[in-house]
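Thanks for coming, everyone. Please have a look at the structure on the screen, and then I'll walk you through it.

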Amino acid sequence: MRSCRVGWLRGAEFETLHRVGEMGESLSVSVAVAEPGEINTAALTSGGRLRSSSGRLNSRTKADLRLGRAFTYYAIAIFFVITSFALTFALQHFFPYPFLFFFFGAVVASAWFGGSKPGLFSVILSTLVIDYFFVPPYRSFSISSTAEAYFAAFVACALIASWVSSSKRKAEEELKEARDELEHRVSDRTAALMKTQGELAHLSRMMSMAELTASIVHEIGQPLTGIVSNGQACLEWLSADPLNAEKARRSADHVVRDGTRAGAVLDRIRALFKKGPPAKEWVNINELMEELVTLLRDEARRRQIRIQTYLSHDLPKVKVDRVQIQQVILNLILNAMDAMSEPAPTESKVFLISQQNPQQEIVIRVEDCGVGLNPDISEKIFDPFFTTKEHGIGIGLSISRSIVESHNGRIRAFPRALGGTVFEFTIPVSAGEL
Amino acid sequence: MTNDAAVFVIDDDESVRDAVTNLLEAVNLRPRAFASTEEFFQVGRPNSPSCLILDVQFPGTTGLQFQQSLNRAGLLIPIIFITAHGDVPTAMSAIKAGAVEFLMKPFQKQDLLSAVYRGLEMDRVWLEERANNSTIYSRFSELTNRENEVMQLVTAGLSNKEIGWQLGLSETTVKIHRGRVMQKMQANSLPDLVRMSDRLKRHLGA
């Protein structure tokens, strides 16, 4: 059972790491959808397959549809030509010469809506109508020699107008199609990236968990020791002669107390490492920080570091994703402790501070007394895959930043006045209402 | 076990401290609990057999450091380590450093109690030996210089004649000194005296 679970976990991790690689490529070219043929997520390929199969199935209906549409375009052309004829006919008494501009309009409109063929069709139709009605001799298809040049100019202009209009329309349609395709790709890619980021965040939590294993073992081991020893003591008191009911009852009380404590530890761990969709709830940030400090107490003692908290106690509750925000704080504290591993600083302390600033934001600050940030890299530390640690993969701070930004907050790092580094992030008090 | 045997429990975690104390009480031992090693240092150890149950974060370093400071303070006491983070190497180093036992939390009653009884027994032997040594030493310090010389040569295996020759004394005088040595040291036989001499050498040399 256990080995099976490990296998599952490794699989998930492997998949996630694989995605990490993919994400590395795409992050470096911002959203890499602009490059055609680069999309390779499972979601997209399955979507593509779906589209092509539906095309094959409906080929008959599609042909019918195309025929119907062509018919409509030609009908539109006829309609425009008739309309221009009617208008020109109505207006011809007001002008000394045949007013043909309506026919240009008909040609341009037909070519625009129907494309080149309906455009050409409308040119021919207009030519016939003009020749018959408006070019002397009237009511005949013959052309008088005086009107020849005029008529030829009209045909040439109409042809050019039709061609320009239809090609312009075609270009616009292609552009629209490309934009739609692009939009589709962007949304698919964004979904894939969100999924990858969620998995990365989980991976990062798992790595923190690995780092905290010893601490967790200790936190659970303490109450378990209490339970076992008190339970055995209880049995001893019960089998004593004479039976000591008072002591036995007190031992049983302690078993319950320690069991409750172990349960609380498990709750804290579960809350910190659970995998699930992001869910916002009203949270007291100080409680969140205190829970973390409890969990980290043993780890800090092992590294001979003191964690000192300065929590402002009149902070309003904020609506945040508890797991994510706790992950950010945990990342920052673990980083702070790592920063003091070597060379050993004069003072091994991590300060954990919460307060509210005048901009109605909650400010959470983690300060260490370590070597401090190299100014050359202080800009890069929030970049993905940037790390100064031997065993790190450089996702902790970049995940932290994306979490803070998704809560409409900001995160930054700056040197501490007394040596060391300050990491600070903000969460707007109104974050929940956004 | 003897009623005056004391078991000290040092653990900064209240749950564990209470539980261990409770368990020891339930088997008729007399536990005394402390939250820190500093508190224990202030009280010190009694002259009756006792042992110490110590919770350590890192048995390798902290345990060793603590033992050294106990030695410096003259508070030598058998130690049973209990820890939540243990592995074989750290357990080995703790045992090598003189621990009675190294228990992983959560531990079983029998393991803890057998370690406690073993620790108390060790301490009883230590105390007895120390008491014996000091008795022998006080007898030894009553010997005159000449008797001291005679005792050293006798226990080195020399005969009365040889001793007399080496110290420039008659064999009869050596015999008288030797009789006084046996009497003052309350030795029943020559092997008895040799054993006492060995102990003294260890005691004075240590």
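How many helices and strands are there in chain A? There are ten helices and seven strands. Keep in mind that this is a predicted model.

Let me stay with chain A. Of its 434 residues, 30% count as buried. Now take the contacts in chain A between residues at least 6 apart in sequence. Of these, 71% join residues at least 24 apart.

Next, helix α6 of chain A. This helix runs over residues 148-239, which makes 92 residues. From first C-alpha to last, α6(A) reaches 129 Å. Where does α6(A) bend? The bend is at A:Leu212, and the angle is about 60 degrees.

On to the strands of chain A. Strand β2, residues 306-311, pairs with strand β4, residues 349-357. The sense is parallel, and there are six bridges. Within this pair, A:Gln308 stands opposite A:Phe351 of β4(A). β4(A) also pairs with strand β5, residues 361-368. Here the sense is antiparallel, over eight bridges. A:Gln355 stands opposite A:Val363 in β5(A). β4(A) and β5(A) form a hairpin with three residues between the strands. In that hairpin, look at A:Gln360: its phi is positive, near 60 degrees.

Now chain B. Chain B has nine helices and five strands. What pattern does chain B follow along the sequence? The pattern reads β-α-β-α-β-α-β-α-β-α-α-α-α-α. Of the 206 residues in chain B, 33% count as buried. For contacts in chain B with a separation of 6 or more, residues 24 or more positions apart account for 64%.

Start with strand β1 of chain B, residues 6-10. Is this strand mostly covered or mostly open? Mostly covered: four of its five residues are buried. β1(B) is joined to strand β2, residues 30-34, by five bridges. Those two strands run parallel. B:Val9 stands opposite B:Ala33 in β2(B).

B:Ala99 lies in strand β5 of chain B, residues 99-104. Why does B:Ala99 count as buried? Because 24 other C-beta atoms lie within 10 Å, and the cut-off is 20 or more. B:Ile77 is 22 residues away from B:Ala99 along the chain, and their C-alpha atoms are separated by 9.6 Å.

Then helix α6 of chain B, residues 145-155. Which of its residues are buried? They are B:Val150, B:Met151, B:Val154 and B:Thr155. These residues cover an arc of only 120 degrees around the axis, so they sit on the same side of α6(B). An α-helix has 3.6 residues a turn, so residues three or four places apart point the same way. After α6(B) comes B:Gly157, with a positive phi near 100 degrees.

Last, the contact between the chains. This contact takes 22 residues from chain A and 17 residues from chain B. Which element gives the most on the chain B side? Helix α1 of chain B, residues 14-26, does, with eight residues. By type, the chain B side divides into nine nonpolar, four polar and four charged residues.

That's the tour. Questions, please.

Definitions and conventions
Residues are numbered from 1 along each chain as its sequence is written. Chains are lettered from A and ligands numbered from 1 in the order in which they are written. This is a predicted model: local features need pLDDT of at least 70, side-chain atom pairs count only at pLDDT 80 or more; totals for chains, interfaces and linings use all residues. Two residues are in contact if their C-beta atoms, placed from the backbone, lie within 7 Å. Ala, Val, Leu, Ile, Met, Phe, Trp, Tyr, Cys and Pro count as nonpolar, Asp, Glu, Lys and Arg as charged, and the others, Gly among them, as polar. A residue is buried if 20 or more other C-beta atoms lie within 10 Å of its own, exposed if 12 or fewer, and partly exposed in between; C-beta atoms are placed from the backbone. The arc is that of the directions from the helix axis to the C-beta atoms. The expected span of a helix is 1.5 Å times one less than its number of residues. The bend at a residue is the angle between axes fitted to the seven residues ending there and the seven starting there. Two strands pair if DSSP finds at least two bridges between them.
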